[in-house]
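This report describes how parts of one protein chain pack together, for a reader who has the sequence and the coordinates at hand. The text follows the structure shown here.

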Amino acid sequence: MKRLIKRLFFVVVLVGAAAAGYAYWQAMTNNVVAEKDGYQLKIPLGADFEYVCNELEAGQVLKNMSSFRLVAEIRQYPDLVKPGLYTISAGTSNWDLVRKLRAGDQDQMKLRFRTHWTLEEIADEIGDQLAIGGDDIHAKMQDDAFLEGYGFNATNVRNLFIPNTYFVYWTMSTEDFFGKLKSSYDQYWNADRKAKAKQLGMSQHEVLTLASIVQAETYMSDERPTVAGLYLNRIRDGIPLQADPTVIFAHQDFTIKRVLNRHLEIDSPYNTYKNRGLPPGPINNPEPSSIDAVLNPAQHDYIFMCAKEDFSGYHNFAKTLAQHNRNARAYQKALSAEQRKKRQRGG
C-alpha cells in the first residue's frame, strides 16, 4: 500500500511538474507572428477583455490565441484592461504582452498634421489620429476661456498648430494635447527666432500671420524667403499686400481658384486689397519653412509676383509694374495656349 501511495505521489508530482512546465512554456514562448512586428493595438476607454482578444484575432497578431487567454487568466488581466495604444513587437511572449497590457504601458505615437484653411479641417485631421476626436478639439479651438490658459484666443489659435511631428499618447486628454502644443510652440520660439522677429519689428503673431500668407502663395519651400521679402517690402513702403489668399479667406469660399474683381469688393479686414498692412490673424497654420522664411527673408527690391508661364509652381518677380505686366502677359498667353490644347484633346 505504501509503495502504491509513493507511486501515486510520484505520478502527481510528475503531472504537476509537466503542467507547470507547459504553463511556463505557454507564457514565455514567442507568440507574435513575425510579420506583425510593430502592430499597433488600440484599446479605447471602456473596452473589455473580449474586445482585446477580438482585435488581436482580427489583426492575426498571435500564433495561438488560447495560450494568450490562459496566461491572461493566470495574471488576472481580464479584470485590469486599460485603454491605450500598444505597439506589439515580433518575439514578444504571452507573459510580456500581458504584462505590458495589464500595466497600461502604452507607447507614444507620431502625430502629424498639415496646413489647412479652417480650424475644423485642422481639428478633424488631428481627431482622426487621437482618441479624443476632432469635435472636442474644434470646440476648444473656439473657447476663449479655455485658450486663455495657454496664452491664446480664437483669433490667433492657428498659431499654436505648427505642422510638425509630435510624439503623444493616443489617450491623452484635450488639456494635455493643448499643453503639448504649447510646449512645442515655446520650444520653437527660441531666443534666436524671437530676436529675428524683434529685428523685423514684428510680434510672433504678426510673423505667423505673414507666414500664413507666404504659405498660401507658394508650395515651393525654396521660394518662400523671396515671397516673404516681397511682402515685407510692401509693408515697409506702405503698399497694400494685395494677397489673393487673404481675399479667398475673407469670402470663406475655398473653392475659388482665381480671384476676380468682384471678389475684391468684399468688406473684410482680411481683404488686403482694401486694407494696408497685415490682416488680423493667420489665414492658415503655416509650416515651419514659411515661418522661418519670414524670419530670414531674401533681400531684394521685388514688390510684384506672378505665376511662371512654365506652370512649374514657381513665380516671376518684378520691381516695377511694367515688368510685372510683361510677366502677367506671358503667363496669360501660356495659359490660353494650354486651354486650347485641352479643348483640342477633349474634342
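Helix 2 and helix 3 run roughly antiparallel to each other, because the angle between them is about 155°, and angles over 145 degrees count as roughly antiparallel. The model is a predicted one, and the values below are computed from it.

**Helix pairs**

| Helix pair | Angle between axes | Axis separation |
|---|---|---|
| Helix 2 (residues 49–58) and helix 3 (residues 65–74) | about 155° | 11 Å |
| Helix 6 (residues 134–141) and helix 8 (residues 174–188) | roughly 60° | within 11 Å |
| Helix 5 (residues 119–127) and helix 6 | about 140° | 8 Å |

Helix 2 passes helix 3 in a right-handed crossing. On the side of helix 2 the contact is formed by Phe49, Glu50, Cys53, Leu56 and Glu57, and these meet Met65, Phe68, Arg69 and Ala72 of helix 3. Sorted by class, the residues of this contact are six nonpolar and three charged, with no polar residue among them.

Helix 6 takes part in two of the listed pairs, with helix 8 and with helix 5. Helix 6 and helix 8 are oblique to each other, because their axes cross at roughly 60°, and the crossing is again described as right-handed. From helix 6 the contact draws on Asp136, Ile137, Lys140 and Met141, while helix 8 supplies Thr174, Glu175, Phe177 and Phe178. Four of these residues are nonpolar, one is polar and three are charged.

The crossing of helix 5 with helix 6 is likewise right-handed. Here Leu119, Glu120, Ile122, Ala123, Asp124, Ile126 and Gly127 of helix 5 meet Gly134, Ile137, His138 and Met141 of helix 6. The contact divides into six nonpolar, three polar and two charged residues.

In soluble globular proteins, nonpolar side chains tend to be buried together. In this model the largest nonpolar core has 55 residues, and those with the most contacts inside it are Phe161, Phe177 and Phe178. Helix 10 (residues 204–217) gives the largest share of this core, namely six residues. Beyond the residues up to four places away in sequence, Phe178 touches Ile137, Lys140, Met141, Phe146, Leu147, Tyr150, Leu160 and Phe161.

Apart from its neighbours within four places in sequence, Thr226 is in contact with Ala298, His300, Tyr302 and Phe317.

Gln323 is found in helix 14 (residues 321–346), and at 31% relative accessibility Gln323 counts as partly exposed. Gln323 and Phe304 are 19 residues apart in sequence, whereas their C-alpha atoms are 8.7 Å apart in space.

**Loop residues**

Most residues other than glycine have a negative phi. Gln242, although not a glycine, has a positive phi of about 50°. Gln242 sits in the loop between helix 11 and helix 12 (244–251), and with 34% relative accessibility Gln242 counts as partly exposed.

Phe311 is another residue of this kind, with a positive phi of about 60° although it is not a glycine. Its place is in the loop between strand 5 (304–307) and strand 6 (315–318), and Phe311 counts as partly exposed at 40% relative accessibility.

Tyr314 also lies in the loop between strand 5 and strand 6, where a relative accessibility of 29% makes Tyr314 count as partly exposed. Which residues does Tyr314 touch, not counting residues up to four places away in sequence? Tyr314 touches Met220, Asp222, Glu223, Ala307 and Lys308. Tyr314 and Tyr331 are 17 residues apart in sequence and 12 Å apart in space, taken from C-alpha to C-alpha.

Conventions: Residues numbered from 1 in each chain as written. Predicted model: local features only at pLDDT ≥ 70, side-chain atom pairs only at ≥ 80, totals over all residues. Heavy atoms only, no water. Axes fitted to C-alpha atoms, helices over the stretch in contact; angles between N-to-C directions. Helix = DSSP H or I, 4+ residues; strand = E, 2+ residues; numbered from the N terminus. Parallel < 35°, antiparallel > 145°, perpendicular 65-115°, else oblique. Left-handed = near helix turned anticlockwise from the far one by under 90°. Contact = heavy atoms within 4.5 Å. Nonpolar A, V, L, I, M, F, W, Y, C, P; charged D, E, K, R; others polar. Core = buried A, V, L, I, M, F, W, Y, C linked by side-chain atoms within 4.5 Å. Buried < 20%, exposed > 50% of the residue type's maximum accessible area, 1.4 Å probe, protein only.
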